[in-house]
Amino acid sequence: MIYGNKTRLRRIERDDIPTFVRWFSDPKVRSFLLVSSPISHAQEEKWFERKLEEDDSELFAIETLDGTHIGNIELLHLHRIHRQAELGVVLGEKAYWGQGFGSDAICTLLRFGFEELNLHRVQLRVYEDNARGIRAYQKCGFQVEGRLRDAIYRKGRYYDLLIMGVLDHEFAAQKEADEQEVSHAPRRKRPD
């Protein structure tokens, strides 16, 4: 397990497949993913088998610290010579949206990628109208690096696809700034 402040990351298991099928049957969960239609159990089985064979991916389940499985996160297209990867994340349990679980999982995976896998760069793609996702990525140090105009068609119109990236030293500086902010925060007085 890899521990963050609010989440822990563990390897996915075959037993998780029914949960994935439930998540991807929900249009709200799929709304910012490349998955445009519900996925069957058989399709998820095939996907799981392919993931077992890949050697350029680090895929984890996102759990709360008490063990509730709320999403998945992955470093994919790992290139060990260029020391880079792409990040993919989904929070399938909507009850945990907007509470900092996503950004904690992202920062936790970045720490693993930069400190354990010795990556130099991590990038991602995000729809321009995914404000919640963009905020979470920025909180972990990602910056917009480019824009693919009218790259995604959904809901009857085209949307831009943003390319965001973070480098190892940028993540380290962000982490240090966050730690400084916490250590300098005023302490609440205890009641007498």
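Which residue in the turn of the β3 and β4 hairpin has a positive phi? Gly67 does, with a phi of about 95 degrees, and four residues lie between the two strands. The model is predicted, so local features need pLDDT of at least 70 and side-chain atom pairs count only at pLDDT 80 or more, while totals for chains, interfaces and linings use all residues. Residues are numbered from 1 along each chain as its sequence is written, and side-chain values use heavy atoms, with hydrogens and water left out.

**Strands around β4**

Helices (H or I, at least four residues) and strands (E, at least two) are DSSP runs, numbered from the N terminus. Two strands pair if DSSP finds at least two bridges between them. Strand β4 covers residues 69-79 and pairs with β3 and with β5.

Nine of the 11 residues of β4 are buried. Buried means under 20% relative accessible area, exposed means over 50%, and partly exposed lies in between (1.4 Å probe, protein chains only).

Helix α4 is mostly covered, with 12 of its 15 residues buried; among them are Phe101, Ile106, Leu110 and Phe114. The expected span of a helix is 1.5 Å times one less than its number of residues. For α4 this gives 21 Å, and its end C-alpha atoms are 21 Å apart, which agrees.

The whole structure has one disulfide, a term for a pair of cysteine sulfur atoms within 2.5 Å. Cys107 is joined to Cys140, with an S to S distance of 2.3 Å. Cys107 lies in α4 (residues 101-115) and Cys140 in the loop between α5 (131-139) and β7 (143-154), so the pair ties together parts that are 33 residues apart in sequence. The disulfide is left-handed because the torsion about its S-S bond is about -115 degrees. Cys107 is partly exposed, at a relative accessible area of 23%, whereas Cys140 is buried, at 0%.

**Leu167**

Leu167 is in strand β8 (residues 157-167). Leaving out residues up to four places away in sequence, Leu167 touches Phe114, His120 and Arg121, where contact means heavy atoms within 4.5 Å. The C-alpha atoms of Leu167 and Leu110 are separated by 9.8 Å, and the two residues are 57 residues apart along the chain.
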